[in-house]
Amino acid sequence: MIYKDCDIRGVYGEELTLKEVRLIGRAIGTMLNGKSIIVCGDVRVSTGDIKTELTEGLLETGADIIDIGIVPTPSAYFAKSRECLAAYALAIVTASHNPAQYNGIKLMLGDLPPTPQKIKEIAELVSSGQFRFSQGRIRKTDILDAYIRKMKSLAGENAKSLKVVLDIGNGTTAGIAGKIYKECGYEVIEIYGEADGRFPNRNPNPADFKNITEVCHRVIQENADFGVAFDGDGDRAVFIDDKGRPVINEKALIFLTASKTEENGKAFSVVYDQKCSRIVPDAIKKMGGEPIRERSGHAFIKKCFLDNGSILGGEISGHFFFRELGHDDGIYAGLCLGTYISKQGRPLSEIVDSIPDPHISPDLRYQVAYENMSCVLERIKEDYAGYPVSTYDGVRVEMPDAWFLIRKSVTAQEMTLRIEADSATKMDELRRKIEERYFAQ
């Protein structure tokens, strides 16, 4: 099942084949009806072959292609903008934070991310083969210099005294993130800075803190002010404080909101992932803003963020969306945090500790067959019918002293569980009860 709610993704050669990719290219090209589309990719070993087949399918159906090569995903969003190439659509060959054997296609058709219905239309076109055939065209261009200038113009050079450790993770920010931070005045130490789509040094998902132990050690060793760990394609970031501790992304979203309220005054809104701790909406309200809860998933958060004209949007996975960009950008998120630390004039660890730690679990993942997922959700609704239950995305149950959310992953054959409670003991008790009832093997 490669056709997800937000994108197209699967294990290369097993779920995602070159034959299917060629057909996907034809389907997208048919929907474009001759309009312009930017095509690019990440550093994965399979990206070159997939990009070639996708391009051929687009050309066969009359697409006007602009190939910008291998670039971080945020720079591709910038390339699509009216400020740069002003293309109608965008196709990025990437599996983002997934392991090396995965690949996929992130899309934009028009100004908004694709809806689940739009992804379904692509799948139906692939199945029916009802393509329009016409001769397309292709040209290549380089947008990285323009992207770097954009980052510098927004970030300025107000962090000259800060030292940062960047964990590139052998991903697509290699050779780019470090250059931007240096030109913005940071003293930069890089680890895993060589692009290598096999991801030999760590899993490309930094939101799983066990994958970023080395950057945590290096922040302490180098006496750095903070660290930033990127995912495989550069649209996610996780931060490390000066004591070498990973910062939960709820707190990061709060810091970033605080940094933006000075620029935007009190009339603002912030979109947050429904898996976030209660500390996020509470903090936004205290700052005079409107917190807007949205279902998890990049496309859903981004659409809600754009529709509401919010100053920020954030997911606990490490996506941070900025109004001045119109999209998410892991590189820029780190620059904004550095600016905030500079203005605060105190260590990031002190800023982190000023916000109480919530009793909240990480994303707990359980392998569940696709055909069994709906049954699990129905059982939960029945078992907890006496509590307020939301079924907007998965099942979220609100209790007096806790809440939990169980939902289908949009990127893998898994279900995810997240729990917050008034105490660690209550959280652990609830986790054990849920695992035994719904996920026992």
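Visitor: What makes the link between the side chains of H97 and R236 a polar contact?

Guide: The two side chains come to 3.2 Å. A polar contact is a pair of N or O atoms within 3.5 Å; within protein, one must be able to donate a hydrogen and the other to accept it, and residues adjacent in sequence count only if both atoms are side-chain atoms. So the H97–R236 pair, at 3.2 Å, is called a polar contact.

Visitor: What kind of model is this?

Guide: This is a predicted model, where local features need pLDDT of at least 70, side-chain atom pairs count only at pLDDT 80 or more, and totals for chains, interfaces and linings use all residues. Residues are numbered from 1 along each chain as its sequence is written, and side-chain values use heavy atoms, with hydrogens and water left out.

Visitor: Why is H97 called buried?

Guide: Buried means under 20% relative accessible area, exposed over 50%, and partly exposed in between (1.4 Å probe, protein chains only). H97 has 7%, so H97 is buried. H97 sits in the loop between strand 4 (89-93) and strand 5 (102-109). Helices (H or I, at least four residues) and strands (E, at least two) are DSSP runs, numbered from the N terminus.

Visitor: Why does S46 count as buried?

Guide: The relative accessible area of S46 is 8%, under the 20% limit, so S46 is buried. S46 lies in the loop between strand 2 (36-41) and helix 2 (47-60).

Visitor: Which residues touch S46, leaving aside its neighbours within four places in sequence?

Guide: Y12 and N103. Contact means heavy atoms within 4.5 Å. With N103, the side chain of S46 also makes a polar contact of 2.8 Å.

Visitor: Why is G345 called exposed?

Guide: G345 has a relative accessible area of 65%, over the 50% limit, so G345 is exposed. G345 belongs to the loop between helix 11 (330-344) and helix 12 (348-353).

Visitor: How many helices and strands does the protein have?

Guide: There are 14 helices and 22 strands.

Visitor: How do you know that the protein is as compact as a globular protein of that length?

Guide: The radius of gyration is taken over C-alpha atoms; the globule rule is 2.2 Å times the number of residues to the power 0.38. For 441 residues the rule gives 22 Å, and the protein has 21 Å, close to that, so it is as compact as a globular protein of that length.

Visitor: What share of the residues is buried?

Guide: Buried residues are 60% of the 441.
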